[in-house]
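Subject: Structure handover

Hello,

Here is the structure I promised to pass on. Please open it first, then read the notes below it.

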2 protein chains.
Amino acid sequence: MENYLFWIAPAASFLALALAAFFYKQMKGESEGTPEMQKIAEHVRRGAMSYLKQQYKVVTLVFIGLALLFAIMAYGFNLQNHWVPVAFLTGGFFSGLSGYLGMKTATYASARTANAARTSLDKGLRIAFRSGAVMGLVVVGLGLFDISFWYLLLERCIPDNALNPTSKLCVITTTMLTFGMGASTQALFARVGGGIYTKAADVGADLVGKVEAGIPEDDPRNPATIADNVGDNVGDVAGMGADLYESYCGSILATAALGAAAFIGTGDTEMQFKAVIAPMLIAAIGIILSIIGIFAVRTRENATMKELLKALSTGTNLSSFFIIIGTFLILWLLGLDNWVNISLAVIVGLLVGIIIGQSTEYYTSQSYKPTRKLSESGKTGPATVIISGIGLGMISTTIPVIAVVAGIILSYWLASGFDFTNIGMGLYGIGIASVGMLSTLGITLATDAYGPIADNAGGNAEMSKLGEEVRRRTDALDSLGNTTAATGKGFAIGSAALTGLSLLASYIEEVRIGLERIGTAILELPNGIQIAIHEAGLDDFMIYYDVTLMNPKVLSGMFIGSMMSFLFCGLTMNAVGRAASRMVEEVRRQFREIKGILSGNAEPDYARCVQISTQGAQREMVFPSLLAIIAPIVTGLLFGVPGVIGLLIGGLSSGFVLAIFMANAGGAWDNAKKYVEEGNFGGKGSEVHRATVVGDTVGDPFKDTSGPSLNILVKLMSMVAIVMAGLTVAWSLF
Amino acid sequence: MENYLFWIAPAASFLALALAAFFYKQMKGESEGTPEMQKIAEHVRRGAMSYLKQQYKVVTLVFIGLALLFAIMAYGFNLQNHWVPVAFLTGGFFSGLSGYLGMKTATYASARTANAARTSLDKGLRIAFRSGAVMGLVVVGLGLFDISFWYLLLERCIPDNALNPTSKLCVITTTMLTFGMGASTQALFARVGGGIYTKAADVGADLVGKVEAGIPEDDPRNPATIADNVGDNVGDVAGMGADLYESYCGSILATAALGAAAFIGTGDTEMQFKAVIAPMLIAAIGIILSIIGIFAVRTRENATMKELLKALSTGTNLSSFFIIIGTFLILWLLGLDNWVNISLAVIVGLLVGIIIGQSTEYYTSQSYKPTRKLSESGKTGPATVIISGIGLGMISTTIPVIAVVAGIILSYWLASGFDFTNIGMGLYGIGIASVGMLSTLGITLATDAYGPIADNAGGNAEMSKLGEEVRRRTDALDSLGNTTAATGKGFAIGSAALTGLSLLASYIEEVRIGLERIGTAILELPNGIQIAIHEAGLDDFMIYYDVTLMNPKVLSGMFIGSMMSFLFCGLTMNAVGRAASRMVEEVRRQFREIKGILSGNAEPDYARCVQISTQGAQREMVFPSLLAIIAPIVTGLLFGVPGVIGLLIGGLSSGFVLAIFMANAGGAWDNAKKYVEEGNFGGKGSEVHRATVVGDTVGDPFKDTSGPSLNILVKLMSMVAIVMAGLTVAWSLF
């Protein structure tokens, strides 16, 4: 099967990677500022790299273990396609590479941003933003490159199926999902490990530095300050890069698998092929048009916050607009059946993403009432700040859920040709919507990765004692980053919900292939009808496995799935709590034992704090991450296919809502504190300020550790279920 | 259909009510102590009664509105059975009556308990416990009385169905569920209103009194102290009474409905009748044997905490043991098919309840590691206390979920005769397990209601300045109450999960009856098979309505259901936050404006604080409660039967886990503070203590407002769906 349009995908990926390399070189060409600035940047860079090295060591062991397991299943028992172990390893490798490259860029860019801010605000913004764009482009470039590569490879290596010609693309696309599992596994470790690292350092630095010693943020006298800046890089940059690489690939791969499944047994291999490559083409168009948007971002000196936001949103909106047009064009050229409706599903996805982003901004920005009221609740102390913040976060789940529900129904309805019984195409539509939502990732991730760079630039400026004016400029850049980060999280969560659904549907598809591989040729449905497996559709498998809501195995799976979300959050919250306690003790010890730190006469032992965060993260990240991998396997062995589906859907529905709650509560606490610091309700140093600082500290693991990891958890559990489907099926027949 | 065994149910209910009256009289015969004690008790009693009057006014309006709506649906459009509006009203009335009687007893008992504690610990325990038993017996007595009464009435009034003789009992049992909806509606208002009242007062009293002014709990100088004591009665007694009345009736009614549904179309009306009355008989046995346990509770002077706990658990264990034997006996006498397995399902339910109770104790009692570690986290301030408490609560969901899942699978498997395809009987088994779990309610509720009585006795002793020795005794009684309250909450949550599942299954049954009533005589399944509605079973309806997990309407419903749990919690949390803020301002105002309060020379304005809590609770309770009623209706109109099922299951799976999280986190925070107050980590007045007080304050709405209301929310949404099924079905055909 060939189609000249397919080659747009690899071409777009090369374009993205080339531009990333260009931006990187351009940034490296800038000056890193004074020797003091260089020294601090070097400190942070070295801490970050040494952490990443440590993390990749642990993760490599996990990958070797899992790859061995897959190899035994594939070569020993024929429970899996033979390409699975290799695909798994590449997914993990490239996800890690995305994080690594993004972080490398970020650690070089922050001092250069601070230095550029000495000249002008615009120059600072350009350097920070283009360095963020490196990460955005690396993620989408590597993602689409890998997908194209694997597609071309498997297309040539997987044999045709004489019984059912439409089966070949199903095998190809579900094998490619293994590659997604590798990416998810890497992403989960990166998010959890990085999240624990950054928040242990942040909470530790804040609790002793700001609250007890009363010194400002990023003050060089605070021993945990370098660890805090390292944390921004390993958590917010490397973690996010791996995370979004996984989201991006996951949504494209799941949609391709659904496209293949929708045509199973029809014999229409040509339309099936078109449905498989459509998500890749939409992604390719998205890359090309994101690049245009990236070049459109610029601002002027003395720009207000509004103008800065406008500079970024002009870029994003421009991209979105052109992507809509481009999608119609490419799907028309491709000649996909029902192409108008499918293109409309892309718009639905984009709109859902925008609505979630706006709602996130409303609930978490101090420009709006909810966060201002949260600040006000500080008048009656920290307890009411916590109560109100939790209330705010829980209420803020309403709009995103309604938006996603509307998106599910609309995209399903459009793609199914307005026929709700056309499950195959309907589910494909949901997948397409998730691809649409992530199609602007090249630019949205640039605005997202920009945040921690600006944050670190501010830290560098503070520590190297640059002037008031420079600090004001980096503060403006940093503040902008907080808002874009919140919006970015909204996109990540929304796309996770849609991708999660697509993966769930792909799971059933993989179960079909698992049965085919084992060789059970005939399905006998409970109503007595017999059907050949290679002709059976989604419906038949759902009836065969009794995937109805009254099956006690489905119900049990659902309870376990809901519990998994909470257990996972609880474990990561506690991990942060423990790691932060150790950091607090260390900082207190240094203040006590190293005389002259607070007067600025002695240098604190930064390295010891970096080490504590690193050890804490390494020790704590393994258990929750392995749990996510083990849960679907055990559930499958105990409760079979219905149990796994229950687990996935229970985990998805509660994990999605829990993730929004945690992200928004955390964001609102952060900004409620900022609002007080801007001089409201008594300003800095007041009782209200102290109360909101408690809220901010509680919010840190909410928004940067547990919340974002939940997205990955939900998808990783689905991916594991898909890869392990062969085992589950064999075991239940056995 | 007659069976002499049936009469055990009304007989047991009369026995319970008679004994309740006897205990009440006995308690009223005791002295209420000094004039000072009497005065304080009178204050609390008057505040509580005036609140309840206020609350019942608001609730009555809601009931009239809903009853009118049901009347229109029943008499105007024939969308419901004609008995529905009346059944709804009685359910609401008796649920309210249970709360009222329990609270009346409690407000008379607390001063008498304090006075008895002047004589001996045993005498204090006996009075408090027997007064708690009044509530336990009133709830089970009224519950079983209503169920028997309605059964006898409908048995005589609902006409036979010539086409399908097994249909009559289905109509009877689902009509009786309406009576459950009345109880749930009343319970939700009582829990939410009472919960907001008590926590606004508690948080307000603690924040200003303990934290700012540094005066002890229950100090008469604190203006909010009377409101706080009133709150214990309206929230913990009246709220809990209405709540458990609803749980008790809900589980029996849902199981009866499932028993009727399991035999639909078989023509075996005799076995169907036996399956319907079996849960009532198990409940009756439970009542009789709870009474034996109640008489077994006694202790000796200078009893340690362990001995006190043993006194209570001896009673409960004795009851449980005899109930197991009694169940085998009665089901054998009844001659129910598969009676051994059904009796075993009762044991499964009891065991699940015990495991959840034990796990709750482990995670929330300061005798164990988790809570002690939580206290220790106070060393690094309030933020880490909050982070660790949330982590602890989330992790604590694991054991209860696994226990419930094991209970679901086991009871289904047993009752289905080890045949998973026998859905009807399997689901009936889940219902039976929930009845088993609640069969000891007579005594477990006694130990539960005992808690607030002992708490108030302590308050009374403190305010009327009784001696050190008396205070020590009431403290011991109070502390015991905290532990039993935690266990009791475990039972309530566990039974809600199982009852929720039973109600879900009953919903499908009601849909069948709805279709029958409208007159669509033939179902056409998607695979082309036609089947007469009166012969169709659960399976057929699930296929007809496509209740599979890949239906986008089911998925949408699930997301909305998950979101509802969070939204509801968020709204109630915020309500507490707002009401508490008003209380804090008022207490501060009184300290400022009424000179001499703190020196004890002037009396604070207690009545104003009572008024603030009352107004706050009334204003805030209406919106979240109405939301619970509206959500299933709107979802049904938008997404039909599959959407409603998704909503219920999504709400159930995430609501259950969220409820455990909130209850346990709240309980652990409370006891972590107590552990510090016992002299650990610096004891009272230390920085660690201040930090744990913040945790305790945050935990208050978790464990006493949002958490327990969630149980009711889940069941109420199911009940509303059941009652509105006729409308949903008619609308989707229209």
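Start with the interface. Chain A and chain B bury about 6600 Å² between them. Carbon and sulfur atoms give 84% of that area. Three residues stand out on the chain A side: Met550(A), Phe559(A) and Phe566(A). They supply 13% of the area that chain A buries against chain B, more than any other three residues. Please keep in mind that this is a predicted model.

On chain A, 72 residues are in contact with 72 residues of chain B. Polar links across the interface are listed too. The rule finds four residue pairs in polar contact there, both partners at pLDDT 80 or more. It finds zero salt bridges between chain A and chain B.

Which helices of chain A supply at least two residues each to the side that touches chain B? They are H11 (382–395), H12 (398–415), H15 (468–518), H17 (552–593), H18 (606–677) and H19 (687–723). The largest share, 21 residues, comes from H17(A). By residue type, the side of chain A that touches chain B divides into 52 nonpolar, 17 polar and three charged residues.

The same surface serves both copies, since 100% of the contact residues of chain A recur in chain B.

Now the salt bridges. Over all chains, a search of the whole structure finds 64 of them.

- Asp704(A) and Lys199(A): their side chains meet in a salt bridge at 3.0 Å, N to O. The pair links distant parts of the chain, with Asp704(A) in helix H19 and Lys199(A) in helix H5, 505 residues apart. Asp704(A) is buried, with a relative accessible area of 8%. Lys199(A) is buried too, at 3%.
- Arg126(A) and Asp122(A): the closest N and O atoms are 4.0 Å apart. Both residues are in helix H4 (residues 121–157) of chain A. They are four residues apart, so about one helical turn separates them. Arg126(A) counts as partly exposed at 30% relative accessibility. Asp122(A) counts as buried at 18%, because the cut-off for buried is under 20%.
- Glu469(A) and Arg473(A): this salt bridge has its closest N and O atoms 3.3 Å apart. Both residues lie in helix H15 of chain A, four residues apart, about one turn of the helix. Glu469(A) is partly exposed, at 37% relative accessible area. Arg473(A) is buried, at 9%.

The pair of Asp704(A) and Lys199(A) also belongs to a network of salt bridges.

Two single residues complete the tour. Is Gln186(A) buried or exposed? Gln186(A) is buried, with a relative accessible area of 7%. It lies in helix H5 (residues 167–213) of chain A. A polar atom of the Gln186(A) side chain lies 3.0 Å from the backbone oxygen of Gly92(A). Leaving aside neighbours within four places in sequence, Gln186(A) is in contact with Tyr56(A), Val59(A), Phe63(A), Gly92(A), Ser95(A) and Gly96(A).

Ser599(A) is exposed, with a relative accessible area of 53%. Its side chain makes a polar contact with the side chain of Asn601(A), at 3.2 Å. A polar atom of the Ser599(A) side chain also lies 3.2 Å from the backbone oxygen of Gly596(A). Glu361(A) is 238 residues away along the chain, and its C-alpha is separated from that of Ser599(A) by 40 Å.

Best wishes

Note on methods: Residues are numbered from 1 along each chain as its sequence is written. Chains are lettered from A and ligands numbered from 1 in the order in which they are written. This is a predicted model: local features need pLDDT of at least 70, side-chain atom pairs count only at pLDDT 80 or more; totals for chains, interfaces and linings use all residues. Side-chain values use heavy atoms; hydrogens and water are left out. Contact means heavy atoms within 4.5 Å. Buried area is the accessible area (1.4 Å probe) that two parts lose on being put together, summed over both. A polar contact is a pair of N or O atoms within 3.5 Å; within protein, one must be able to donate a hydrogen and the other to accept it, and residues adjacent in sequence count only if both atoms are side-chain atoms. Ala, Val, Leu, Ile, Met, Phe, Trp, Tyr, Cys and Pro count as nonpolar, Asp, Glu, Lys and Arg as charged, and the others, Gly among them, as polar. Buried means under 20% relative accessible area, exposed over 50%, partly exposed in between (1.4 Å probe, protein chains only).
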